[in-house]
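Hi,

Here is the structure I said I'd pass on.

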Amino acid sequence: MKIVSWNVNGIRARIDAVAAFLERNEPDVLGIQETKVVDDDFPFEELGRLGYQVSLAGQPAYNGVAIASRMPLTDVKVGLFDDGPDAEKRLIAVTTGGVRVVCTYVPNGKSVELPSFQEKLRFLERLRTTLDVTASPDAPLVLLGDFNVAREARDVYDPQAFAGRLHFHPDEHRALDRVLAFGLFDAYRALHEDAGRYSWWDYRSGDFRNNRGLRIDYLFVTQGLRDRLRSAVIDVEPRREPKPSDHAPVMIELDLG
DNA sequence: ATGGTCGAACCTCGA
């Protein structure tokens with residue numbers, strides 16, 4: 001089973017790029033972040049033509065998450081365990097092909113001294129609790145998405161400049177480590193030790209051209225799935241195209257026999 | 001050089 005995480009930065013602006021990626025790679029499941037569209041305007045037909053069904057949680061202009069799968073989607077659950085009715089649409093969970101897939105878009109946090117940063121940390125705490133109350137580390141589960149946190153120095157193009165700043169702050173590291181302590185493993189890191197492999201580059205200042213990026217998009221898997229990991233790839237090709245998302249898709253392959 | 005570039009919807013915000 002091939003599973004992808006991709007922050008598309010607007011599904012309507014990116015539908016052709018997404019379709020091209022799906023045709024090239026034929027993943028079974030695609031977790032999408034930052035759809036930036038209300039449910040009624042989501043491009044279901046384009047994905048349907050390629051054989052994908054979609055579960056989604058959209059809102060106007062900002063945020064929005066979706067999961068597309070070639071297999072039936074069941075037990076769809078939107079939001080963190082304690083989300084109120086007006087919560088931003090940042091998490092959707094489904095079961096497909098026997099795997100629980102949780103797709104999330106963690107708040108950016110804006111800047112470490114602002115209230116938004118504390119909300120980001122709280123989101124990660126609440127994400128851990130959501131896993132605790134709805135899932136088991138002994139079952140096949142993939143938690144994927146844009147976490148807006150680079151975990152290690154090798155995930156940052158200039159670790160000294162980023163030290164203590166947004167995306168690379170010790171409080172963010174502790175909060176994300178708490179999520180992983182549920183019983184999850186970073187699929188890309190389980191297979192690759194290399195530095196300089198990023199999933200996001202700022203649109204500005206030629207950052208992609210100069211590989212000034214961060215690895216902030218992850219697929220985290222439970223132990224049983226880690227033992228069945230066959231590959232993990234960050235596909236930078238879509239980032240090279242005209243009108244790209246600022247994020248690259250990350251894909252894993254699981255041998256589920 | 002405190003810059004720069006996107007998407008969505010609106011004349012600005014969030015990233």
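Starting with β13 (residues 229-234): this strand pairs with β14 in the antiparallel sense, over five bridges. Strands here are DSSP runs of E, at least two residues long, numbered from the N terminus, and two of them count as paired if DSSP finds at least two bridges between them. Within that pair, Leu229 sits opposite Leu254 of β14.

β14 also pairs with β1 (residues 2-7), again antiparallel, with four bridges. There, Val4 has Met251 in β14 as its bridge partner. Strand β14 itself covers residues 250-254, and four of its five residues are buried, so the rest of the structure largely encloses it. Buried is under 20% relative accessible area, with exposed over 50% and partly exposed in between (1.4 Å probe, protein chains only).

Before you go further: this is a predicted model, so local features need pLDDT of at least 70 and side-chain atom pairs count only at pLDDT 80 or more, while totals for chains, interfaces and linings use all residues. Residues are numbered from 1 along each chain as its sequence is written, chains are lettered from A and ligands numbered from 1 in the order written, and side-chain values use heavy atoms, leaving out hydrogens and water.

Then there's an open sheet of six strands with mixed pairing, in the order β5-β6-β7-β8-β12-β9. β5 (74-78) and β9 (184-186) are the edge strands with a single partner each, so one side of each has no neighbour in the sheet. β5 runs antiparallel to β6 (residues 91-96), joined by three bridges, and Thr74 stands opposite Thr95 in β6.

Cheers
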